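Visitor: I'm new to this one, and I'd like a close look at a single part of it. Could you walk me through the charged pairs?

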Amino acid sequence: YRNMGGFDMLGSGRHKIETDEQFKASMDVCNALGLDGLVVIGGDDSNTNAALLAESFKAGGSKTKVLGIPKTIDGDLKSAPHIPVSFGFDTACRTFAELIGNVAVDALSTQK
């Protein structure tokens, strides 16, 4: 669904799940939808939420499994050898390095 509004359909938020009511509401929604799994993509806060949700769902007897996927440009989710680099950080670094290289080539080519 990329470039077709798919990411908008997925939704995004910067909210922490903290209260017992929020954990129960999250589990109730996943159970009502019959979800086998919930994938949380994000940085350290998102993955903390994923871990806490997983523990809460397991304790509540939910069949929904929670998977945290590290993605951040902060580079703060490295845990060698399991997560050598977060793909958001690596992508940003490679893209900026390529752009800087392109500018350098362009600048040299103007001297012809």
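Visitor: To what number does the count of salt bridges come?

Guide: The count comes to three salt bridges. Keep in mind that this is a predicted model. The mean pLDDT of the protein is 80, and 78% of its residues reach 70 or more. Confidence is lowest in helix H1 (residues 6-10), with a mean of 53, while helix H2 (residues 20-33) has the highest, at 94. Where pLDDT is low, the predicted coordinates should not be read in detail.

To get your bearings, look for four helices and two strands. Going from the N terminus, they run α-α-β-α-β-α.

Now for the pairs themselves. Side chains of opposite charge can pair when their charged atoms come close.

Let's start inside helix H2, where Lys24 and Asp28 sit four residues apart, so about one helical turn separates them. They form a salt bridge, and their closest N and O atoms are 2.8 Å apart. Asp28 has a relative accessible area of 35%, so it counts as partly exposed, since that class runs between 20% and 50%.

Next, find Asp36 and Lys63, whose closest N and O atoms lie 3.1 Å apart in another salt bridge. Asp36 is in the loop between H2 and E1, and Lys63 is in the loop between H3 and strand E2 (65-70), so this pair ties together parts 27 residues apart in sequence.

The remaining pair is Asp45 with Lys16, a salt bridge with its closest N and O atoms 3.5 Å apart. It links distant parts of the chain, with Asp45 in helix H3 and Lys16 in the loop between H1 and H2, 29 residues apart. Here both partners are partly exposed: Asp45 has a relative accessibility of 38%, and Lys16 has 44%.

While you're around there, take a peek at Gly43, in the loop between strand E1 (37-42) and helix H3 (44-59). Gly43 has a relative accessible area of 19%, so it counts as buried, because the cut-off is under 20%. Gly43 and Gly88 are 45 residues apart in sequence, yet their C-alpha atoms are 9.4 Å apart in space.

Stepping back to the whole protein, buried residues make up 21% of its 112 residues. Among contacts with a separation of 6 or more, 57% come from residues 24 or more positions apart.

How values were computed:
Residues numbered from 1 in each chain as written. Heavy atoms only, no water. Buried < 20%, exposed > 50% of the residue type's maximum accessible area, 1.4 Å probe, protein only. pLDDT = per-residue confidence, 0-100. Contact = heavy atoms within 4.5 Å. Salt bridge = Lys/Arg side-chain N within 4 Å of Asp/Glu carboxyl O.
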